[in-house]
Amino acid sequence: MGRFVNPFTDVGFKIVFGQEISKPLLLHFLNTLLEGVEEIVDLSFSDKEQVADYDDDRTLISDVLCTTSDGRKIIVEMQNKKQGFFKKRSLYYVARAISRQGESGKQWRYDVKAVYFVAFMNFTLPDMPEFRTDVVLMDSQTKRMFSDDIKMTFLQLPLFTKEEAECETIFEKWIYIFKNMNILERMPWAAQNAVFNKLSDIVEVAHLSGKKRDEYEASLKRYRDSLDVFETAKEDGLAEGRAEGRAEGIVKGEQNAKLETAKRMKSKGFDHSTIADLTQLSIEEIDKL
């Protein structure tokens, strides 16, 4: 186990950004992310944790209500978990955050708060070649902004390749730390920056309470189990496809990789709907395994 928590686990992510003590960290990060667009002066978490629509929804931090310097209210949703149909899920999360604001009665004028979606991705999508992708609602012909009430930012961390000495901006330093946190032996820039010094104290595993450490270790095991499932199945499928050496062999290898993934996930206790979502197998196929 590393010195600092792994932020790609569900508990680790909430330790970094999802608890009251870490509010100053989230505020600082969001202002570096939105520099030149918005300045957030205050934020609060939802009083009630939203009920997850799926069993694998728990890494979503919902309803981070932010107040900007001009008094505007925006909702920030943050996601860090690899899931099937990632783009479609992202759209769903944004739509859900908007629809939850609906009010009954004739007096309501659809005065919805803006929703910003931020995705920390420890994986890449084939049609997104850049580290950072910012999605907005825009007129496709004139390129003029249609509405600034929806913004989606995707951060593909494998595409961020700067080393510690190469990081210049505060945003780059945040990304470097987040990407490498679980393997760091020390917290970079902690001596020069009070925010990173506080971050170091919050995310150090040795500083976690007994209960929180147990929760973190359990989430770390789930994370490692998931990695093992997907990487092993991927290698098995590729090896079989190469051995066949034909297009139909590759297709067969991919299908067998899905089946092997499903078997491993079942053995690890994943529910059938989650397995179906991530492998794109039917519930019936999974039931037969």
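Y110 sits in the loop between α3 (86-99) and β4. In this predicted model, the phi of Y110 is near 55°, which is a positive value in a residue other than glycine. Is Y110 buried or exposed? With a relative accessible area of 65%, Y110 is exposed, because the cut-off for exposed is over 50%.

The relative accessible area of W189 is 13%, so W189 is buried; the cut-off for buried is under 20%. A further positive phi, near 65°, belongs to Q280, the residue that follows α8. Within helix α8 itself (residues 272-279), the buried residues are T274, I275, A276, D277 and T279.

**Helix packing**

Helix α4 (residues 170-180) packs with helix α2 (residues 23-33). The axes of α2 and α4 are 9 Å apart, and the angle of packing is about 125°. Therefore α2 and α4 are oblique to each other. Their crossing is left-handed. Which residues make the contact? From α2 come L25, H28, F29, T32 and L33, and from α4 come I170, F171, W174 and I175. Of the residues in the contact of α2 with α4, seven are nonpolar, two are polar and none is charged.

Helix α4 also crosses helix α5 (residues 194-203), at roughly 15°, and the two axes come within 12 Å. With that angle, α4 and α5 are therefore roughly parallel to each other; angles under 35 degrees count as such. The crossing of α4 and α5 is right-handed. On the α4 side the contact is made by I170, K173, W174 and I177, and on the α5 side by V195, F196 and L199. This contact of α4 with α5 divides into six nonpolar residues, no polar residue and one charged residue.

**Aromatic pairs**

How many aromatic pairs does the structure hold? There are 23.

| Pair | Centre to centre | Angle between planes | Type |
|---|---|---|---|
| F13 and F120 | 5.8 Å | 70° | edge-to-face |
| F13 and F178 | 6.1 Å | 90° | edge-to-face |

What parts of the chain does the pair of F13 and F120 tie together? F13 lies in helix α1 (residues 10-17) and F120 in strand β4 (residues 114-121), so the pair ties together parts 107 residues apart in sequence. F13 and F120 are both buried.

The rings of F13 and F178 have planes at 90°, so this pair is edge-to-face; planes over 60 degrees apart count as edge-to-face. Because F13 is in helix α1 and F178 in helix α4, the pair ties together parts that are 165 residues apart in sequence.

The relative accessibility of F13 is 0%, so F13 counts as buried. F178 has a relative accessible area of 2% and is therefore buried as well.

Terms used:
Residues are numbered from 1 along each chain as its sequence is written. This is a predicted model: local features need pLDDT of at least 70, side-chain atom pairs count only at pLDDT 80 or more; totals for chains, interfaces and linings use all residues. Side-chain values use heavy atoms; hydrogens and water are left out. Axes are lines fitted to C-alpha atoms, for helices over the stretch in contact, and angles run from 0 to 180 degrees between N-to-C directions. Helices (H or I, at least four residues) and strands (E, at least two) are DSSP runs, numbered from the N terminus. Angles under 35 degrees count as roughly parallel, over 145 as roughly antiparallel, 65 to 115 as roughly perpendicular and the rest as oblique. A crossing is left-handed if the near helix is turned anticlockwise from the far one by less than a right angle, and right-handed if clockwise. Contact means heavy atoms within 4.5 Å. Ala, Val, Leu, Ile, Met, Phe, Trp, Tyr, Cys and Pro count as nonpolar, Asp, Glu, Lys and Arg as charged, and the others, Gly among them, as polar. Rings of Phe, Tyr and Trp (its six-membered ring) pair if their centres lie within 6.5 Å; planes under 30 degrees apart count as stacked, over 60 as edge-to-face and the rest as tilted. Buried means under 20% relative accessible area, exposed over 50%, partly exposed in between (1.4 Å probe, protein chains only).
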